[in-house]
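Me: I have a structure open and would like to go through it slowly. Can you help me read it?

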Amino acid sequence: MKSTESANTQKLNDKMACWQVLLNHAFAHGDAVALWRLPNQSIQQLIISKTEKLLTEDATLEELSEGFLLAPFMAEERTFLAADYYFRFAEQTLKEPDSAAEINAHAWLKQLKPMDAAPVFYEKNTVAKDTSVKSDYVNLVNEAVQLIKSGAAEKIVPSRTKIIDASINLLEAFDKLCQRYPGAMVSLVSTPKHGTWLGATPELLVSLENQHIFKTVALAGTKAWTPGTDSKNVAWTQKEIEEQALVERYIISCFKKIRLRDYEEHGPKTIIAGNLMHLKSDFKVDMKETNFAQLGTVMLKLLHPTSAVCGMPKDLSLDFLLKHEGYDRELYSGYLGPVNIQQNTELFVNLRCLQWKKSSAQLYAGAGVTIDSVAEKEWEETEMKMNTLLSVIFENYTLSTR
């Protein structure tokens, strides 16, 4: 009895041991898991969900229970993971519960048996398509530029993938990303339906703070960041400034569609996200003052997919991507994040991410193409974005690319 109590005490005190117990139990019972760390926070949060619930089209963010939401790029099927068990971690330990739900989760955890085996994450049983041939992507960008020059579009965001042959310790990789990218939403999600995804995204899509303050951002333009660079003195090209301005105008056009005039706009300013810099503008609305109780739900439908990951106009850009990209983006450039956890909702565009397989990983990246785009530079931008993950997870490891 004493040895069991000692083991239980150890798993509660040691974060990695606790994660191992929780994940092993979840995967053994077919449960889904979401682990995340919000930008500029130290707390890491984890839920275990017994079901992957497909939301109906009329489901509203504001009325969902506590949980985690996943939506693919083509967001017809949104998956909601209810927070059946919810835990918070600080430093290297499990935090004491401060709600009834956490108290129940801690009591449940104490009943679980310690397991020494490493968790076996869910792997989606699909054949990954590698679209990493440089000439193919250059041709795709040039096709997009020609469509833009015809006057039919202002911006298109073609993406590509790259498959690497490597084994990844996902829990260690998650921790490394949290340490290296404090301004990103870092997530590790594993479900029977979607498989396993790891990412560190800088782009907020919809935030509902204390259930009444709506926030979103316009994030675009990309430059490499080197240590010591002063973000206040970064010189942006006209192409990059216009690319970011297009996203701003897109958000404002969504406000106009619902006749919302009372919003705050701040920016653009240069932000650092990992090894990259972007231009960012912040938008904020008080839902009580504007008497718009379901603004989060309405704006989410209008915004996704944003011009930052699709293009403008949306329908024409989306049609171009579906016809020419040559692969299914799945959760890449969709959105994900906690919903109504401690009265806050934080949904992020799923960028700088990879889909995990047992002996490989598929990375994703896109570039905003405008009339001034140079295909070679857009290729280089996608390489930089993929390296956001690779430089942390593998450090000096030499990767073999299929």
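Me: Which residues touch the most other members in the largest nonpolar core?
Reply: In the largest nonpolar core, which has 79 residues, Trp36, Leu61, Phe68 and Phe214 touch the most other members. Apart from it lies another core of 47 residues, including Leu35, Ala105, Leu170 and Ile393. A nonpolar core here is a set of buried Ala, Val, Leu, Ile, Met, Phe, Trp, Tyr and Cys residues joined through side-chain atoms within 4.5 Å, and buried means under 20% relative accessible area, with exposed over 50% and partly exposed in between (1.4 Å probe, protein chains only).

Me: Where does this model come from, and how are the residues numbered?
Reply: It is a predicted model, in which local features need pLDDT of at least 70 and side-chain atom pairs count only at pLDDT 80 or more, while totals for chains, interfaces and linings use all residues. Residues are numbered from 1 along each chain as its sequence is written, and side-chain values use heavy atoms, with hydrogens and water left out.

Me: OK, salt bridges next. How many does a search of the whole structure find?
Reply: The search finds 19 salt bridges, each being a side-chain nitrogen of Lys or Arg within 4 Å of a carboxyl oxygen of Asp or Glu. One of them joins the side chains of Glu102 and Arg88, at 2.9 Å from N to O. This pair links distant parts of the chain, since Glu102 is in helix α3 (residues 100–111) and Arg88 is in strand β6 (residues 85–90), 14 residues apart. Helices (H or I, at least four residues) and strands (E, at least two) are DSSP runs, numbered from the N terminus.

Me: Is Glu102 buried or exposed?
Reply: Glu102 is buried, because its relative accessible area is 0%, and Arg88 also counts as buried, at 8% relative accessibility.

Me: What does Arg160 pair with?
Reply: Arg160 forms a salt bridge with Glu383, and their closest N and O atoms are 3.0 Å apart. Arg160 is in strand β9 (residues 159–165) and Glu383 is in helix α9, so the pair links parts of the chain that are 223 residues apart. Arg160 counts as buried at 1% relative accessibility, whereas Glu383 counts as partly exposed at 22%.

Me: And which residues are linked in a network?
Reply: Lys155, Lys239, Glu243 and Glu378 are linked in a network of salt bridges.

Me: Switching topic, what does Thr388 touch?
Reply: Thr388, which lies in helix α9 (residues 375–393), touches Tyr181, Asn275, Leu276 and Arg352, not counting residues up to four places away in sequence. Contact means heavy atoms within 4.5 Å. Thr388 counts as buried because its relative accessibility is 2%.

Me: Where does Ser307 lie?
Reply: Ser307 lies in the loop between α7 (295–303) and β16 (311–312), and it counts as buried at 0% relative accessibility. Leaving aside neighbours within four places in sequence, Ser307 is in contact with Lys155, Val157, Leu246, Val247, Tyr250 and Met312. The C-alpha atoms of Ser307 and Leu219 are separated by 9.8 Å, although these residues are 88 residues apart along the chain.

Me: Last one: how many residues has helix α6?
Reply: Helix α6 (residues 238–257) has 20 residues and reaches 28 Å from its first C-alpha to its last, close to the 28 Å expected at 1.5 Å a residue. That expected span is 1.5 Å times one less than the number of residues in the helix. After α6 comes Arg259, whose phi is positive, near 55°.
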